[in-house]
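The sequence and the structure are shown here for reference.

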Amino acid sequence: MSLQEAAEQADALAVAGDERALAVLRAEWDDEIEAAARHADYRVRGQAYRAIAQFRFRQKLELLRRGLEDESPAARGSALIALEALSRGHPGDVNRFRPLLHELAARDPNVAVRRLAIICLKNGTPQPDTVRLLNGIAEADEEDREVRKTARVVGDALGKRARTAR
C-alpha cells in the first residue's frame, strides 16, 4: 500500500469514527510520513503534508511547520491545506503558527500560497493584528485581485467574530 492509499484509508476511518483502527494505521505509517516529509522530491513532501491531515495526525503539527517553510510553493501549499483542515475547530493550531502565516499571507512570492495562508487564518482566533493585516492586503491596489478578495472575506469574518465575542 502506498502512502496516498494509506492516507485515503485513514481519512475514511476518521470519517467513520473508527479511532482505534485509525490509531493502528497511524502507528504503522508514522515513520513513512516523517521520511516522506524529508524527501528530496517536493511532490513526495507535499503528499506527506496532505497525509498528516488525512491521518488527523495532530502530533505532527511541528512537521507542518517545516512544510510552511519549504522551498517549494507546492509543498508550502500542501502544508497550508493540511493546517487548514486540522485547525477547523482548533484555533490554537493557527494561533501557534500565526507569525509565520502572517508572513506567508503578506510576502510569499506565490499568489496561491498567499491565498491559502489567508484562508488558514480564518480558523484562528480573531486577533486585531491579523484583522489589520488582512484589511491592509484587501485595500492594497498593487495586490493580486484574488488575494485582495480572499483577504477581505476572511478579514470581515474575523472582525465579525471579534465583535460578537465582546
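Predicted model: local features only at pLDDT ≥ 70, side-chain atom pairs only at ≥ 80, totals over all residues.

F57 has a relative accessibility of 6%, and because the limit for a buried residue is under 20%, F57 counts as buried.

A pair of aromatic rings is described by the distance of the centres and the angle of the planes. The structure holds one aromatic pair, and it is formed by F55 and F57, whose ring centres are 6.2 Å from each other and whose planes make an angle of 35°, an arrangement classed as tilted. F55, with a relative accessibility of 0%, likewise counts as buried.

R56 is found in the loop between helix 3 and helix 4. Most residues other than glycine have a negative phi. R56, however, has a positive phi of about 55° although it is not a glycine. At 30% relative accessibility, R56 counts as partly exposed.

Leaving aside residues up to four places away in sequence, A10 touches L22, L25, Q54 and F55. A10 has a relative accessible area of 0% and is buried. The C-alpha atoms of A10 and I81, which are 71 residues apart along the chain, are separated by 17 Å.

| Helix pair | Angle | Distance between axes |
|---|---|---|
| Helix 3 (residues 42-54) and helix 5 (residues 73-87) | about 0° | 8 Å |
| Helix 7 and helix 9 | about 5° | 11 Å |

With an angle of about 0°, helix 3 and helix 5 are therefore roughly parallel to each other. On the side of helix 3 the contact is made by Y42, R45, G46, Y49, R50, I52 and A53, and these meet A74, A75, S78, A79, A82, A85 and L86 in helix 5. By class, this contact of helix 3 with helix 5 has 10 nonpolar, two polar and two charged residues.

In the second pair, the angle of about 5° makes helix 7 roughly parallel to helix 9. Here R98, H102, A105 and A106 of helix 7 are in contact with D129, T130, L133 and I137 of helix 9. Sorted by class, the contact of helix 7 with helix 9 has four nonpolar, two polar and two charged residues.

Which residues of helix 7 (residues 98-107) are buried? They are R98, L100, L101, H102, L104 and A105. The cover over the buried residues of helix 7 includes helix 4 (61-68), helix 5, helix 6 (91-96), helix 8 (111-121) and helix 9 (128-139).

A157 is found in helix 10 (residues 145-165), and at 38% relative accessibility A157 counts as partly exposed. The C-alpha atoms of A157 and L104, 53 residues apart along the chain, are separated by 20 Å, and L104 is one of the buried residues of helix 7.

How values were computed
Residues numbered from 1 in each chain as written. Heavy atoms only, no water. Axes fitted to C-alpha atoms, helices over the stretch in contact; angles between N-to-C directions. Helix = DSSP H or I, 4+ residues; strand = E, 2+ residues; numbered from the N terminus. Parallel < 35°, antiparallel > 145°, perpendicular 65-115°, else oblique. Contact = heavy atoms within 4.5 Å. Nonpolar A, V, L, I, M, F, W, Y, C, P; charged D, E, K, R; others polar. Phe/Tyr/Trp six-rings, centres within 6.5 Å; stacked < 30°, edge-to-face > 60°. Buried < 20%, exposed > 50% of the residue type's maximum accessible area, 1.4 Å probe, protein only.
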